[in-house]
Amino acid sequence: MILSCQNISKSFGTDEILKNISFHIEDHEKAAIVGINGAGKSTLLKIITGELSSDEGQVVLSKGKTMGYLSQQSGVTPGNTIYDEVMEAKKDVIDIYHKMKALEQEIARAPEDGRESLLNTYARLTHAYEDANGYAINSEVTGVLTGLGFGEDEFSKKVDTLSGGQKTRVCLGKLLLSRPDIILLDEPTNHLDMNSIAWLETFLQNYKGAVIIVAHDRYFLDKIVTKVIELDNRKGQVFIGNYTAYAQKKAQQREILWKAWENQQQEIRHQEEVITKLKSFNREKSIKRAESREKLLAKVERLDKPVEVSASMHLTLTPSVISGNDVLMAEDLAKSFGSHNLFSHISIDIKRGEKVALIGNNGTGKTTILKIINGLIPADAGQIRLGAKVHIGYYDQEQQLLDPGKTIFEEISDTYPTLDNTRIRSVLAAFLFTGDDVFKRISELSGGERGRVSLAKLMLSDANFLILDEPTNHLDIVSKEILENAVRSYTGTVLYVSHDRYFINTTATRILDLTEGGLKNYPGNYDDYLEKKDNPVTAGTGGAFVSQSQTAAQAAHTARVSEGKADYQRQKEEAARIRKRQNDLARTEKRIDEIEKRMALLDDMLTREEIYTNVERLMEINQEKDALDEELTLLMEQWEALETQE
């Protein structure tokens, strides 16, 4: 175990945020902290790092272990270039390098009989430098920066000139290169494009340390985490598995709790009716029996009514006017800004009922295409035609169409004066604005709340063709699920730009991938896109890229062989040995994980009355636990031997 949080509680004034939160993180474990906006996720991270103190409880980090933290407000050093800022993560290694260089000069000047001590020191420094992978430090920094979306031509940019999102990426790169024993990440996928997110997923999957992530990117969490810590109504609960497994278990748990509450309420009502009936007899014995029942009823521990979130998530969207089958025809679009050619020869054809996701790296022009279609900016070339009876509804990710001086209720009622109060409140409730929340001013709302107001306005409009620009930005997971259900049930047509792969996967019927080479069409959702994108036959120009890579690899191989076949063979054998060790480790860790999950399940089974009252079943479970425990001991010894191999 590397980290333990024990009974963490935190309040701000009279507002209790966290109450008795407990969990632990094992070495190498990848965990997520999830919850709605305001649940206390960032607060908990700050308590773990020591940036905030808890009111009660304690955080214990294993002795000698290091921790790294990326917050949403992480800063950079003014005056540094991007490369220099990230290289600061390797300061200790660079210091060793400078000591080695200084020692080389000292050795050169020293008399021959006085060099032994210096040479011994130099050998120790060289060994430390090699252990820290110092000879590969430049390629490591370049690889991380490139993976996070920085081109090599940007490495010399001053960090002072960067946007907030770019600075966050620099801080993330710096943290990843410092390689602490446990990394805490607060919304790490914000400001990353899809390629960078995919790179980060691979990095974290292979990271030898532990990771705790706060993120609303469910696809990202599914790929990485094996444990989910949920913060809900000030309390914490731990679920084993990725996000999808957590969501399924949570739904089952909510259903069980709801049924238990309903059953208890039914029994309470029944007892109250019996008590009333007994009292109505107005006889001494019946009154005593009624009083006895009242005492028993008073001792019953009442279950809290579960929060029923699913009821607010059934929002059906039906356009008032049905469009023609042809919704959008865009032909040969082109757009440049100054000398920068953003895109050219772009054509799009969208039919009624389609849910089309427009994806691509940052800066390829996705938002620009939406603005051209919506008539906000002109195209340099090409033409756009809308089909019969097509009415566009546009969602701007910056919410510039909201009046900051109005309340939420006024924003809706002024836009749609024919709607009655009940209809307005029901729609706002579907987007999680209930009670007095509807009288908050737009200027007081968070980015996510403003986004939900804009979406509510859009869903009430007469539009039958929705154009959405990053609709899930700033939304918490519950709000995203509301939107997903709304888009899936929408009988009109949708075109949207999003980096949220989970949202794309659950809503898209077709994906348009905007690259420097043009626009590629992939029928299906995001999983279908990934499968086809990696297939040279279905990915269009992908085959040419593969052949170029193969040609370069063959050329490099030939060059290495010509330099020395023996050396190449040794490298090849070493690489094979390392791969075998890594595969053995992965298999061992996978089996350990399977056993631990099975033992946890068996422990849970032993607490059930139908099990511990069944002697035969109890013995079977204990025998299985003993066998698993024995296998686990052997596997842990095997894992330790593999881990210590060099």
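Modeller: A strand here is a DSSP run of E, at least two residues long, and strands are numbered from the N terminus. With that in hand, let's tour this model, which is a predicted one.

Colleague: Happy to start! In which strand does isoleucine 511 lie, and is it buried or exposed?

Modeller: Isoleucine 511 lies in strand E17. Buried means under 20% relative accessible area. Isoleucine 511 has 0% relative accessibility, so it counts as buried.

Colleague: How far apart in space are isoleucine 511 and valine 356, C-alpha to C-alpha?

Modeller: Along the sequence, 155 residues separate isoleucine 511 from valine 356. Isoleucine 511 also touches residues beyond four places away in sequence, including Ala357, Ile359, Tyr522 and Tyr529. In space, the C-alpha atoms of isoleucine 511 and valine 356 are apart by 5.7 Å.

Colleague: E17 belongs to an open sheet of six strands. Which strands are the edge strands there?

Modeller: The order in this sheet is E14-E15-E16-E12-E17-E18, with mixed pairing. An edge strand pairs on one side only, and that holds for strand E14 (392-395) and strand E18 (518-523). Neighbouring strands are turned by 15° against each other on average, direction ignored. The edge strands, then, are E14 and E18.

Colleague: Which residue is the bridge partner of isoleucine 392 in E15?

Modeller: Strands of a sheet pair through backbone hydrogen bonds, either parallel or antiparallel. E14 and strand E15 (residues 465-469) pair in the parallel sense, over four bridges. In E15, the partner of isoleucine 392 is phenylalanine 465.

Colleague: Which helix lies across E14 and E15, and which lies across strand E12, strand E17 and E18?

Modeller: The helix across E14 and E15 spans residues 447-460 and runs at about 175° to E14. The helix across E12 (355-360), E17 (510-515) and E18 spans residues 526-533 and runs at about 115° to E18. In that order, their names are H14 and H17.

Colleague: Now the sheet with the order E2-E1-E4. Which strands stand at its edges?

Modeller: This is an open sheet of three strands with antiparallel pairing. An edge strand has a single partner strand, so one side of it is left without a neighbour in the sheet. From one strand to the next, the twist averages 20°. The strands at the edges are E2 (15-25) and E4 (56-61).

Colleague: Which residues stand opposite cysteine 5 in E2 and in E4?

Modeller: Strand E1 (residues 3-12) is joined to E2 by seven bridges and to E4 by five bridges. Cysteine 5 has a residue opposite it in E2, phenylalanine 23, and one in E4, valine 59.

Colleague: What phi does glycine 13 take in the hairpin of E1 and E2?

Modeller: The hairpin of E1 and E2 has two residues between the strands. There, glycine 13 takes a positive phi near 65°.

Colleague: Which helix lies across E1, E2 and E4?

Modeller: The helix covers residues 41-49. It runs at about 120° to E1, and its name is H1.

Colleague: How many residues of the contact of H3 with H4 are nonpolar?

Modeller: Among the residues that meet are Val93, Ile96 and Leu103 in H3, and Leu118, Leu119 and Leu125 in H4. The crossing of these two helices is left-handed. Of the contact residues, two are polar and three charged, while the number of nonpolar ones is twelve.

Notes
Residues are numbered from 1 along each chain as its sequence is written. This is a predicted model: local features need pLDDT of at least 70, side-chain atom pairs count only at pLDDT 80 or more; totals for chains, interfaces and linings use all residues. Side-chain values use heavy atoms; hydrogens and water are left out. Two strands pair if DSSP finds at least two bridges between them. Axes are lines fitted to C-alpha atoms, for helices over the stretch in contact, and angles run from 0 to 180 degrees between N-to-C directions. Contact means heavy atoms within 4.5 Å. A crossing is left-handed if the near helix is turned anticlockwise from the far one by less than a right angle, and right-handed if clockwise. Ala, Val, Leu, Ile, Met, Phe, Trp, Tyr, Cys and Pro count as nonpolar, Asp, Glu, Lys and Arg as charged, and the others, Gly among them, as polar. Buried means under 20% relative accessible area, exposed over 50%, partly exposed in between (1.4 Å probe, protein chains only).
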